[in-house]
2 protein chains.
Amino acid sequence: MDSFTISNIPRGSNRLWVHFSSLCFISFLGIYLLHKEYKVVLMKRIQQLRNLRNQPSQLTVLVRQVPLCDEHKSLSCSVDHFFSKYHPNAYHSYQILYAGNNLEELPVAFVTFRSRWDAALAAQTQQHPNPLLWITQMAPEPRDVLWKNLSIPYKHLVLYRTGVIVTEILFTIFFAIPVTAVQGITQFEKLKKWFPPAMAVQLIPGLSSVITGYLPSVILSGFVYVVPFVMKGMARIAGYVSRSQQEQKASNMVFYFLMGNVFFLTVLSGSLLDQIGKTFIHPKDVPSRLATAVSAQADFFMTYILASGLSGFSLEILQPGLLTWDALKIRTWGRGKKKSNYLSSFPYYRVIPFVSLFLLVGIVYSIIAPLLLPFLVVYFLLGYVVFINQMQDVYETTYETCGQYWPHLHHHVVVAIIIMQITMIGLFGLKSKPSASFATIPLLVFTIAYNEYSKFRFLPTFYTCSVKDAKDNDEFDKDGPSDAACREAIDAYRPPSLPQVCVGMEESTSTQPLLSSIS
Amino acid sequence: MDSFTISNIPRGSNRLWVHFSSLCFISFLGIYLLHKEYKVVLMKRIQQLRNLRNQPSQLTVLVRQVPLCDEHKSLSCSVDHFFSKYHPNAYHSYQILYAGNNLEELPVAFVTFRSRWDAALAAQTQQHPNPLLWITQMAPEPRDVLWKNLSIPYKHLVLYRTGVIVTEILFTIFFAIPVTAVQGITQFEKLKKWFPPAMAVQLIPGLSSVITGYLPSVILSGFVYVVPFVMKGMARIAGYVSRSQQEQKASNMVFYFLMGNVFFLTVLSGSLLDQIGKTFIHPKDVPSRLATAVSAQADFFMTYILASGLSGFSLEILQPGLLTWDALKIRTWGRGKKKSNYLSSFPYYRVIPFVSLFLLVGIVYSIIAPLLLPFLVVYFLLGYVVFINQMQDVYETTYETCGQYWPHLHHHVVVAIIIMQITMIGLFGLKSKPSASFATIPLLVFTIAYNEYSKFRFLPTFYTCSVKDAKDNDEFDKDGPSDAACREAIDAYRPPSLPQVCVGMEESTSTQPLLSSIS
């Protein structure tokens with residue numbers, strides 16, 4: 001394999017211009033395909049929202065920071081007054097949230113409007129001259145709402161989010177330390193001292209060398225396996241109002257974690273903290289350091305893709321986590337209880353970051369070591385087969401994503417293209433081709449500019465419903481949604497703590513994802 | 001004066017804790033007053049918008065990127081169709097813009113709505129699933145519109161803005177180079193060589209030393225005097241649709257220019273480029289370098305405030321720029337033409353940055369050299385008297401600011417408080433009081449957090465009209481605005497190139513600000 005990597009090409013060779021052309025080709029092809037795919041996903045999202053137009057979420061707005069009514073000192077009265085006055089023809093009804101048995105404390109309400117158009121307008125506008133009062137947003141699907149998080153005061157959310165972001169960054173940077181420590185403790189020589197039965201391993205010939213060789217990577221994999229759950233737990237603390245937002249956040253965090261602790265750590269071999277330190281002190285050296293390191297690690301990533309891919313997919317099919325958890329539960333705190341037959345939702349936050357990581361590896365090595373690509377193709381084909389099966393037969397839909405994960409995946413691919421370009425800048429520099437190195441800089445600027453453009457062009461429609469779409473959906477129903485539809489919508493947002501709904505709750509937990517109860 | 005500055009206090013003295021307490025006191029007092037004032041300004045803005053509720057701008061939305069109608073290949077038809085369909089009860093009429101004599105090429109329209117509430121909703125929402133089509137915003141006042149900039153295609157605006165930002169940064173960083181060069185050329189010794197008549201200066205005793213001493217600072221002042229006009233010119237290229245936005249942008253740019261080229265350049269004595277280089281290489285040294293430099297320059301700033309304040313205000317009253325321009329015009333290209341009696345608008349972009357600069361000096365020196373403060377108080381009192389007079393008798397209102405400049409001024413003061421805190425961190429460090437130095441860091445974090453909070457709490461209401469305010473303003477007129485008011489509104493936005501309005505144009509130029517014709 002090594003004979004195919006760019007690092008073996010003599011300095012100043014003309015073949016580097018061939019590499020520069022393929023860098024341009026891959027960058028532009030990548031951007032072209034991303035842009036085309038973004039358009040397709042956006043069209044599908046709009047179509048899907050039209051198909052789901054009878055969902056209560058399209059008629060309902062989540063209102064936070066409801067102030068108390070001056071006259072009656074009541075929240076319900078305040079909501080009713082405000083919307084009857086300021087959205088007179090649009091407002092239909094409201095559902096206020098209660099904390100436990102207390103029939104007021106929570107300043108959160110779901111407000112239903114007479115049409116999707118009215119709801120879209122109310123969700124996107126500033127209601128009050130104090131923008132921290134009457135904060136509106138489109139409501140998530142009823143089954144997607146995290147009721148507990150709605151009780152977190154809006155003011156505290158900033159503190160929660162800042163705290164979570166800081167913790168995540170620290171977790172990502174210092175992750176290598178406990179891993180290295182555990183790897184140090186579990187060295188076979190030390191194990192023998194502290195845990196004499198481990199001596200028995202020596203009786204079987206060859207086993208000790210396998211353990212010594214594989215134990216560190218098993219420990220690393222074990223730690224990495226836990227990361228998505230930790231990140232999901234942290235995202236839960238950040239107080240998002242819906243499961244979908246929480247899992248998107250977790251998915252993003254896991255990707256950055258993997259990029260830092262699997263890609264960069266393997267490539268640059270040294271703790272992330274060291275690398276960040278070096279980057280701050282000598283920012284100009286980043287491309288050349290990356291170039292030297294990346295070309296040396298092609299072999300490692302080939303084996304990594306094979307090992308991690310095969311083991312990952314078999315783990316996905318066998319679901320050992322679920323099995324262990326179930327077995328543990330039955331034998332301990334769940335003993336004697338009726339076994340609930342729950343189905344879990346698709347763990348986007350575990351799957352997408354790994355797919356992104358392999359995309360990153362593939363893109364970065366596409367020019368330096370193209371022999372890696374067939375392995376990746378096999379990995380993705382296998383993954384396609386496995387996940388199509390899992391999606392159809394194993395997991396249950398607990399919320400409609402409507403393509404919400406695509407912008408994240410798009411961002412990860414753009415990051416990969418940028419890292420490839422920075423690596424190539426360094427590599428052309430190392431090979432004494434400064435002209436090719438400089439010629440790559442406009443390519444880098446173009447990629448960043450494309451990313452900014454795509455944020456303007458596509459991203460807003462993934463977060464808001466345009467006036468045109470809302471009206472078009474209304475007109476699909478001839479006279480807009482009926483009064484009955486509005487009433488159904490507001491009923492769907494009855495908080496689970498209200499007595500009437502407690503009966504219905506028993507059923508609904510069965511569709512709750514397993515994972516939310518783990519993390 | 002020097003005996004009063006903090007730099008004379010012995011190392012490790014307990015008096016430093018007195019300084020730390022006053023740092024806390026000034027920081028918190030500053031933030032408290034800023035917060036209080038922001039609330040007052042916001043209230044005044046809302047009140048002023050209510051007083052101006054009959055302005056056509058409150059009923060009108062500026063629509064950009066209007067696509068061609070598929071059927072008739074016409075823009076007017078497209079606007080009419082879109083708004084009759086998607087804002088059926090709200091839409092009143094439209095006014096399409098024309099470039100020159102061509103009766104179509106411009107995808108820009110002013111659309112009037114039946115009520116302020118409808119206009120506010122339409123301005124704040126995303127109209128189309130492609131967010132780069134049908135872009136809406138509240139229209140600026142008719143007299144505030146820069147018609148020429150409306151013809152710039154929206155897609156190109158990003159390029160224009162990026163170009164302008166890059167130019168501004170380069171201009172600010174490299175400004176010192178031509179100034180130093182000109183100062184070098186005009187040294188008296190060199191002048192005598194190249195321009196022998198300059199010898200005559202030596203005949204008057206003492207004059208030569210005055211020239212040698214003052215010439216460099218006169219040259220610097222001359223260069224700085226031109227900066228606001230240059231920045232306004234650059235803001236014009238950036239393609240803002242209204243004069244008010246353009247001047248706000250220019251005002252901000254001039255402040256950063258003055259902070260870099262007057263405050264930091266004087267304090268740190270070395271070209272801005274050197275300083276930025278040093279900051280990048282040793283970011284940790286910034287506070288201590290700042291501390292050493294700031295305490296050494298207290299005397300300079302005292303004389304600077306006196307000199308610049310007195311000369312600035314007399315220049316403001318005498319208006320030498322206007323006089324020279326007028327005299328030049330009459331004698332050259334304006335010879336024989338009828339003298340137009342125009343009035344100029346208040347040059348916010350020239351006044352606000354200097355006020356902010358002196359606030360910055362005052363705040364940074366408030367603890368290090370409090371004797372500077374009485375001079376500043378005199379400066380501001382004098383300024384108050386001069387500008388009250390100028391506002392009432394000299395300048396004309398060409399647009400209502402409605403407090404739009406306040407968020408900028410607020411930001412400048414926060415920047416000043418932050419620079420003061422960084423300087424004090426360095427100073428406590430230099431005086432071997434690391435505990436006081438560390439104790440200042442939470443203060444710095446608090447200031448930054450306050451700034452972020454104020455952006456959430458107040459800023460949105462300076463850019464959008466809340467639904468509540470719009471509806472309340474509508475209800476002031478009992479049944480909302482009449483049909484006549486809507487028709488008047490749309491007439492007010494007739495573009496100046498249309499034949500009917502060419503007659504009216506002659507008058508309107510007389511109220512155009514003088515300055516826009518200079519820059």
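A: Start with a term. A polar contact is a pair of N or O atoms within 3.5 Å; within protein, one must be able to donate a hydrogen and the other to accept it. Residues adjacent in sequence count only if both atoms are side-chain atoms. The model is predicted. Between chain B and chain A, 18 residue pairs are in polar contact, both residues at pLDDT 80 or more. Salt bridges between these two chains number 0.

Now the elements. On the side of chain B that touches chain A, two or more residues each come from α1 (15–51), α2 (75–86), α3 (116–124), α17 (434–457), α18 (459–463) and α19 (467–476) of chain B. Of these, α19(B) gives the most, with 6 residues. By type, the residues on this side of chain B divide into 15 nonpolar, 10 polar and 7 charged.

Next, the extent. In contact are 32 residues of chain B and 32 residues of chain A. The size of an interface is often given as the accessible area lost when the parts come together. Here, the area buried between chain B and chain A is about 2800 Å². Carbon and sulfur atoms give 63% of that area. In chain B, the residues that lose the most area to chain A are B:Y86, B:Q126 and B:P129. Together they make up 22% of what that side buries.

To sum up, the contact between chain B and chain A has 18 residue pairs in polar contact and 0 salt bridges. Its chain B side includes 15 nonpolar residues.

Notes:
Residues numbered from 1 in each chain as written. Chains lettered and ligands numbered in written order. Predicted model: local features only at pLDDT ≥ 70, side-chain atom pairs only at ≥ 80, totals over all residues. Heavy atoms only, no water. Contact = heavy atoms within 4.5 Å. Buried area = accessible area lost by both parts, 1.4 Å probe. Salt bridge = Lys/Arg side-chain N within 4 Å of Asp/Glu carboxyl O. Helix = DSSP H or I, 4+ residues; strand = E, 2+ residues; numbered from the N terminus. Nonpolar A, V, L, I, M, F, W, Y, C, P; charged D, E, K, R; others polar.
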